[in-house]
Amino acid sequence: MLIQEGSKPGRRATAQAPLTRHALDDLPVALRRRARAALPEVSELQAVRHYTRLSQQNFSIDTHMYPLGSCTMKYNPRACHSLAMLPGFLARHPLAPASHSQGFLACLFELQDILKEVTGMHAVSLAPAAGAQGELAGVAMIRAYHRARKDLARTEILVPDAAHGTNPASAVMCGFQVREIPTGSDGDVDIDALTRAVGPQTAGIMLTNPSTVGVFDRNIQRIAAEVHRAGGLLYYDGANLNAILGKVRPGDMGFDVIHMNLHKTFSTPHGGGGPGAGPVGVSARLEPYLPVPLVTREGAHYRWLTEADRPESIGRLTAFGGNMGILLRAYVYARLLGREGMRRVAEFATLNANYLMTQLRAAGFNAAYPQRRASHEFIITLKTEAKEFGVNAMDFAKRLLDYGYHAPTTYFPLLVPECLLIEPTESESKEDLDGFVAAMIAIRDEARTNPELVKTAPHRMPVRRLDDVRAARQLDLAWSPQA
Amino acid sequence: MPFVPHTQDDIAAMLAAIGVESIDALFDEIPEALRIGTLAAVPAGLAEMEISRLMQARARADGEPLCFIGAGAYDHHIPAAVWQITSRGEFYSAYTPYQAEASQGTLQLLYEFQSMMTALTGLDVSNASLYDGASGLAEAVLMAVRANRKVRSDKVLVPRNLHPAYRRTLQSIVTPQGIELVDIPYDEEGGHISLEALNALESQGPFAALVINQPNFFGVLEEVDDLTDWAQAREALVIGVVNPIALAVLSPPGDWGSQGADIACGEAQPLGMPLSSGGPYAGFLCCRQAFVRQLPGRIVGRTVDLDGKPGFTLTLQAREQHIRRNKATSNICTNQGLLVTAATIHTALLGPEGLERVAAACHANSQRLGTLLCEIPGVEPRFNRPSFHEQALRMPAPTAELLRALAAQQILGGCDLGLDYPELDPALLVCATEVRTEEDMQTYASTLARVLAHA
């Protein structure tokens with residue numbers, strides 16, 4: 001039942017609103033609402049029960065293993081939440097003067113420094129509100145750089161075919177055309193195809209390394225050299241930074257600009273789809289274009305750098321300069337880990353991925369790139385199972401839910417048929433990983449003996465498989481009183 | 001080791017299974033020259049107790065000043081239940097609901113949110129939120145230019161009394177796509193947008209869209225019906241930028257003019273989100289049914305499962321980047337799920353009557369504050385038209401110094417309008433929401449009087 005359907009005229013959570021009812025007589029009648037908005041009228045207990053019950057219909061990291069490839073669903077430490085929710089931080093107005101912001105700005109300044117070190121970049125802006133906005137900012141900086149040099153013929157951004165969908169979409173939002181580069185059979189970018197594609201029209205390339213097929217591109221230095229030789233810049237999509245934290249740095253690989261997903265690598269919550277935070281880091285030549293605001297320190301005093309300080313900036317991306325509460329959570333996480341803890345993130349994320357891949361292969365599943373090391377994630381292809389049992393990757397994914405595991409990423413990257421992209425993260429224990437392997441084996445047995453069971457999964461969720469076609473054709477996007 | 005569960009025995013068993021000697025061997029495909037020893041500039045790790053001490057000290061250091069700044073972020077009472085439920089791990093640590101069957105909680109909640117936003121804006125459909133109000137307006141402008149098939153123009157009319165940070169955000173997001181923003185000057189006396197100002201710009205048209213903000217940045221109410229009719233008579237789409245609390249009492253965009261606005265967007269922060277230094281907040285975006293396929297961002301639909309039982313799922317995904325890649329309506333991937341969770345619970349707890357009371361109390365308080373401050377010689381209203389819960393006041397002394405002196409007395413006296421509108425200098429934009437008491441406002445007035453006496 002929807003909260004709206006439990007509504008009853010005149011019922012109210014009376015403790016919530018101001019006790020006095022003020023008149024609005026001085027506001028012109030023509031500008032006022034004529035009919036009351038159809039919002040739910042419920043008691044406090046009704047609302048609390050309703051939303052508590054809804055929460056129980058979710059999978060989450062706190063309740064289930066969530067091996068969703070490229071999403072880095074690791075444990076979100078509770079301290080990060082409670083310390084970012086301290087009353088002093090919550091009550092601070094975004095336009096509060098620097099005199100009342102020194103504690104807050106100190107956290108952000110130190111976070112900028114930590115992220116610079118972690119990525120090997122020259123400067124960092126915390127402004128982008130999410131990874132996709134970081135990409136937009138990054139590509140906009142590439143555009144600004146070329147324009148400032150009057151190098152206006154660079155109209156093309158190169159993107160590997162395995163890239164996240166946000167990469168080409170962000171490039172287009174900055175006015176670029178996108179050219180796809182194929183992935184070689186070993187999982188690395190097809191370097192010959194890249195060499196043929198670069199030229200005077202190349203503004204840059206957007207790369208994820210380790211890539212979305214879960215391997216570290218061994219030719220990264222050659223790729224950097226080729227693109228730089230052609231006058232293009234290198235953009236690093238930090239979606240997979242968890243795999244290399246404290247081990248390798250994008251700046252050292254030759255990247256000019258990078259975005260990080262703090263909701264992945266720095267363990268801020270995914271919150272059912274946001275908020276994220278997508279800080280960008282740049283090499284020295286791109287620093288003037290960083291999005292504002294930035295935090296600077298002058299002596300012992302912190303202050304914001306804004307448009308006035310950075311006239312060449314690509315500008316502002318949200319009204320108040322970023323998802324500050326998320327940045328505080330990332331800062332707490334970074335300080336809890338410290339330099340040693342960060343290195344261990346990459347090491348144990350990689351250990352878990354390689355162990356899980358080994359065990360799944362030993363159980364007879366096919367890895368997409370069996371000759372390669374897994375990074376923090378890897379791909380299993382269920383092509384054989386689909387052919388033999390008529391049970392596809394989506395069926396496996398749905399059946400995994402019944403076994404208490406969130407499904408891995410399915411059908412991405414698009415170039416591997418019937419794929420599951422699996423990222424266990426460093427949070428999961430050996431027992432959890434063994435449990436996942438056992439579930440995969442059990443599902444394959446079911447696929448062999450009782451394929452219908454798998455094809456109609458899930459069976460133990462609050463709903464069975466949903467009719468997506470109907471959802472898109474007979475659009476029902478909002479409740480209304482008449483319906 | 002923080003947040004890593006492995007014992008030495010586990011590590012040994014796992015390495016043996018993989019067939020390598022050490023964890024380091026797993027990195028052997030990475031060129032040797034790229035591998036680093038340590039992150040020298042990152043401090044050593046802290047225990048939870050130590051980081052707690054540090055964060056508490058820093059949160060305290062910023063004080064608890066009495067805040068009379070609004071300017072796009074508003075200090076409202078948030079019921080205790082809102083963040084207690086929002087912080088439940090099942091909401092907090094869930095991902096985007098791609099696996100619908102395992103995400104019905106988040107999906108149903110998003111559908112309820114969409115329903116609340118359509119009820120408040122009077123439009124047909126809503127998405128599941130965007131990053132914030134300003135970036136949401138940028139998406140609304142991009143959407144309007146795409147959706148307007150009658151006027152193929154890249155020009156959009158934007159009032160000068162739109163929030164300056166929204167204007168800058170628009171600039172950085174939409175201009176790389178070739179969209180031209182045309183300024184509409186505001187009325188010198190009223191602070192609003194007049195039909196004369198629009199008529200004066202007509203020769204620069206045609207325009208794909210007109211942006212109307214209600215209330216505007218100065219807190220002043222616009223004649224939304226006239227502006228909407230003006231635009232629609234010229235085939236321009238109307239984008240309303242609105243405050244969800246104000247919508248409890250003000251005419252919803254769907255009712256503006258003879259046909260209603262086409263798109264409405266705004267900042268959902270007033271619905272249950274703490275000020276939190278400016279984020280995370282959430283932008284909302286609603287439109288008429290006809291434009292639903294141009295709407296960016298996540299959208300949840302109600303459908304049925306194999307047994308015919310109602311359920312919820314992400315829908316119209318063919319608009320989105322993970323399917324359409326470079327042909328998507330936007331590059332946006334996430335919404336602001338956790339903030340929408342708070343907004344939905346907040347709105348459910350307050351209900352229509354509660355939101356009306358909040359809106360009316362904000363209005364009454366800001367009127368009262370204006371009255372108190374204008375008793376001080378030289379302080380007077382800058383504009384002569386009705387306002388909702390903020391007011392622009394002319395000051396008799398340079399504002400930077402006033403604000404500094406007030407801050408020293410733990411009062412944040414408002415937003416300095418002269419910074420973005422030199423023609424208004426010296427003037428402050430002041431706000432008093434329902435959480436400010438008579439005593440708070442008296443304190444502000446008497447402190448300001450004292451400061452001015454010494455100025």
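**Contacts, core and fold**

Me: How many residues of domain 1 of chain A are in contact with domain 2 of chain A, and what makes them contacts?

Reply: In this predicted model, 18 residues of domain 1 of chain A are in contact with 15 residues of domain 2 of chain A. They count as contacts because the C-beta atoms of the paired residues lie within 7 Å. By class, the domain 1 side of chain A has eight nonpolar, seven polar and three charged residues. Domain 1 covers 79-337 and domain 2 covers 346-469, and their C-alpha centres lie 31 Å apart.

Me: What makes B:Val156 one of the residues that touch the most other members of the largest nonpolar core?

Reply: Not counting residues up to four places away in sequence, B:Val156 touches, among others, B:Val141, B:Ala144, B:Ile179, B:Phe207 and B:Ala209. Of these, B:Val141, B:Ala144 and B:Ala209 are also listed among the residues that touch the most other members of this core of 316 residues. The largest share of the core, 22 residues, comes from helix H10 (residues 324-362) of chain A.

Me: Why do 62% of the 455 residues of chain B count as buried?

Reply: Each of them has 20 or more other C-beta atoms within 10 Å of its own, and therefore meets the criterion; this holds for 62% of chain B.

Me: Which residues of chain A does UniProt place in "domain: Aminotransferase class V"?

Reply: The unreviewed UniProt entry places this feature at residues 153-271 of chain A. Over that range the chain is 24% helix and 22% strand.

Methods: Residues numbered from 1 in each chain as written. Chains lettered and ligands numbered in written order. Predicted model: local features only at pLDDT ≥ 70, side-chain atom pairs only at ≥ 80, totals over all residues. UniProt positions renumbered as here; feature names shortened; annotations may be inferred. Helix = DSSP H or I, 4+ residues; strand = E, 2+ residues; numbered from the N terminus. Core = buried A, V, L, I, M, F, W, Y, C linked by C-beta atoms within 7 Å. Buried ≥ 20, exposed ≤ 12 C-beta atoms within 10 Å, placed from the backbone. Contact = placed C-beta atoms within 7 Å. Domains from an automatic or database assignment. Nonpolar A, V, L, I, M, F, W, Y, C, P; charged D, E, K, R; others polar.
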